[in-house]
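Morning, everyone. Please take a look at the structure on the screen.

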Amino acid sequence: MSAPVGRVGLHESFLVYRRYRYLKAACLLVLVAAVAYAAHSPAHAPNGGTWLGYALGGASGALVVWLAWFGIRKRTYGAGAAPLRGWLSGHVYLGLALVVVSTLHAGFQMGWNVHTLAWALVMGTVASGLAGVAVYIRYPMLLSASRLGMTVQDLLSQIGEIDRECRAVGLPLGDDVNAVLVRSSEETRVGGSFRRLISGRDPSCPTHAARLFVERLQAGGDDERIRRLHAHLVRKEELLDALRRHVRIAALLKLWLFLHIPLSVGALAAVAAHVFAVFFYW
Amino acid sequence: MSPDVRIAIVGSGPAGLSAAARAAEQGVSHVLLERADHPSDTVFRFQKGKFVMSTPDALPLRSPLPFAAGRREEVLAGWQSRVVELGVSFRANAEVKAISGRRGDFTLSLADGGSVRAETVVLAIGLQGNINRLAVPGADLPHIQYQLDDPDEYELERIVVIGAGDAAIENALALSRRNTVYIANRGDEFARAKPANEQAIMAAISSGRIVPIWNAETLRAAPGSIAFSTPDGETEIACDRVIARIGASPPRRFVEACGVAFPSPDRDALPECSAQYESNVPGLYIVGALGGYPLIKQALNQGYEVVEHILGNPVEPADAPILRKKFEGLGNVAVDDVLESVRNRIPLLSGLNLLMLREMMAEANIHRLRRGDTVFRRNDYTNSLFAILDGAVDIEVDPANPDRRVRLDAGAFFGEMGLISGRRRNATVLAASDCVLVEIPRRTMLRLRAAVPSVRAELDREAAIRQIQSHIAPGLDRDALAAVADTAEIRSFAAGEALFNEGEPGDALYLIRKGSVAVSRRIGGRETVLSYAPAGHYVGEMALMTDAPRTATVRAAVACEAVRLEGEAFKSLIAGNPAIRASVEGVFRDRLAQNARMGEREGAGDVLGFLLSQGIGEATDVLVIDETLCIGCDNCERACAGTHGGISRLDREAGPSFAALLLPTSCRHCEHPHCMTDCPPDAIHRSPDGEVYIDDSCIGCGNCERNCPYGVIRMAAPAPAGRSLLMRLLFGEAPETEAQDDAPKKAVKCDMCRGIETGPACVHACPTGAALRMSPEVLLSVRERPI
């Protein structure tokens, strides 16, 4: 007995949805478009104005609208016959097919005009979408592993707990120690700037500084309180690391959308302008 | 010396207050004795502004006191003004310590040394009992309290909770959200508490959210502190508040001291009363929760009725119209005649007293079926029990061969398998002739089974025979099975308890009838789970077939019940029946093969063990997220909220995970739902498709939330309307907002999107295919495959 496609055997990724139904559909679409394009010999060079050009343009336009509709479908719950993963499957594969269909529609004619702008924005949208697929394949496992088996809320409350403990343990120690501990508990940030978010690191982390400070003290002599403080801070750094890793991966899983969505809105607008221009000014 | 009053009423809850009001209305001399300094202490102690429901809706109200669903304050004010208007004779701070005497001459001794003499006594003291107080100096200081009405009332305080029971744990946990909390336990464990509470408190202690004081004897309290003696010496804790939850003495001891008998030593047993609510002590009447009627409206009605009974006025029980309506279809027959014929014709129910029978019939349904009509189908998820009042039914025992039928005649019952196992119906039942059936709901039947020994014995005996027939020896009649069936014994096992251990001699076969078991073996010094067997399967055949010691350990994966059959009797049964021998050998070979497979696969047993440790063994449908696919977008939660009034019943992140399988906090629709066990309005049901859902009659008491070991139920007020699609497209999802505090809260849980055609919205809305709902059989068998 061996597991069917997919790792678990029951869960089916959007990429393999219904035995690659949409991959097959996309291949068929590309094939039909390519064959038609090769067989077609218009009077002038191939362009969007021939009958095939109009057909491919119509198909591309319909695809663009349908692909954009995903944003609405995703937010409509408990409706629609096909599950959302089916839609995403189609969104990915048919979106890829759009690269070929729309390029054939243009007949490889590019220029500095609104038509090529529409094409370029569509290409950009698809490229950013591909990045999304890559991210969706690579990061999910790391996301759950990053939480050390706890929820984000657990991580935060444990960190809060350690802060309280540290303040209590540090109280009888010197002002310098307490100042460092206060900074560690009040000024430690997770994320904050784009760079810190995406790198998952904070070189100027006050908790890290506090641990180093306490380690220097420890070198000076054995003190029960310092030892406990050190253990707490080591644990806190561990938890902070996990949290930063988690936030980083969660951010990466969404980052591409900040390209994909604006590009798709732009593409939609440019395609509309392109269609408008074609029918009113040609 | 003549009695002071005609009726003395003890306890001024809804039942007692209603009785006193009716007595006042009728101009009968009476006194209402209340231990607290105000009437209706239980309702009085409801959280401020709590919405009080008026279920059961079908029951007409019959009381001088007004009552409709509304806020606690409105309900209390309505009662208070009526009590004043009627001139009820009310004595506050009058705790009754003892009742002696008999009809016409009772003496009620009060705590303050006084006494009241009465002709009759109405006991309406409820079930809460007397709250135990600390017996140390300072126990009455203002910072010491003995209950907690609203944990959210306190913030940033240092609070010491004393006690080791459920009440103490629940208080401590709720308070720890906003306060620094200590919990003082006289022992060093929380074994008395419900398992879920025990786990929660231990988790809170190990994460440092609550500070325990173990082996702590309370010494004294002083303003702003409390002192304990511990093995490490005396310790004094400065605190703002002490909450002592050290139990209550249940009213049973007091009631028994009054001479009232209880039918069984069972903790939940209630005193037995006549249809007029009279106990075995003539002249002593029992009403309200102590009489088995926990709902406010029932209690109000009983208060009215009991006074009428005492006055000798004929009063038709409040349920009579309900029963008449139920029996309408039977033609023009008197209610009492129907009840009598039910008791005479159906042996299972012959042991019921009239009051139980009435109550049962009020909850039961009468079905008149034509020949050929279907009663229920195989794989339906209904779990009521049917008894045949008239006519006969056919059971299709073999799905492959619909012509093979077993006939049951009038007086017999069926449907007990679904009731016991909590699983799908295993046969289709058709009316063999025009017939009349009594359908008894699961909850009613479970109550009867617990209360009436003859019902339990009859049900278990018949069920055991039928289970042997359907799961081990199909086709054999009861005579051929008699030798084995006579050895049948119903055994219950707690979760984790072993039915038998590896290496023990094999002396019996166990047929699982409720819950499920895990089969494991020691491999490399560790107990590794090899397989799981749900209800309807048997274990222990290997040792019997081979006459060798047990090769594996079988443990209850969840609380389970098994029919134990003597090994020798079983061996002689299969010796005489080659067909049965062949089928048992088939099961035996399959199991050998599977054990070998699992033994070889690194980690597969661990996954199975993990799933079983998470209670999958009692689930019927589990949400499982594949972490290799989950992108953490929370569209599942949003879809859940979007299809359920803005409140998600699923917490994706909060759930255990193992080997990339995440079990989010979401209802598993248990075979025997824990949430159903103690729902006063009976608002939790299982639909024929299997979903466990809560209907609108929820009164918001929170019992289900506490009873659910998986934490999937929460109390929530309706959420404000969410953003429109356009707004969500432009600005994203609105954060889940807290509803106003004073809105009535009801229990919400996953209903598997019943009524939504596309199935569970969480699964439907998962973009990557990470979320799936599946039955444990599918989940557990899949996990045997390589990872």
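This is a predicted model: local features need pLDDT of at least 70, side-chain atom pairs count only at pLDDT 80 or more; totals for chains, interfaces and linings use all residues.

Residues are numbered from 1 along each chain as its sequence is written, chains are lettered from A and ligands numbered from 1 in written order, and side-chain values use heavy atoms, without hydrogens or water.

Start with helix α3 of chain B, residues 72–86. Helices here are DSSP runs of H or I, at least four residues, and strands are runs of E, at least two, numbered from the N terminus.

Which residues of α3(B) are buried? They are B:Arg72, B:Val75, B:Leu76, B:Trp79, B:Val83 and B:Leu86. Buried means under 20% relative accessible area, exposed over 50%, partly exposed in between (1.4 Å probe, protein chains only). Seen down the axis of α3(B), the buried residues fall within an arc of 105°, so they line one face. That arc is taken from the directions from the helix axis to the C-beta atoms. The face turned away carries exposed B:Glu74, B:Val84 and B:Glu85. Just after α3(B), B:Gly87 takes a positive phi of about 70°.

Now the interface. In contact (heavy atoms within 4.5 Å) are 38 residues of chain A and 48 of chain B. The count of salt bridges between these chains is one. B:Glu653 and A:Arg147 form it, at 3.9 Å, N to O. The rule is a side-chain nitrogen of Lys or Arg within 4 Å of a carboxyl oxygen of Asp or Glu.

Methods:
The expected span of a helix is 1.5 Å times one less than its number of residues.
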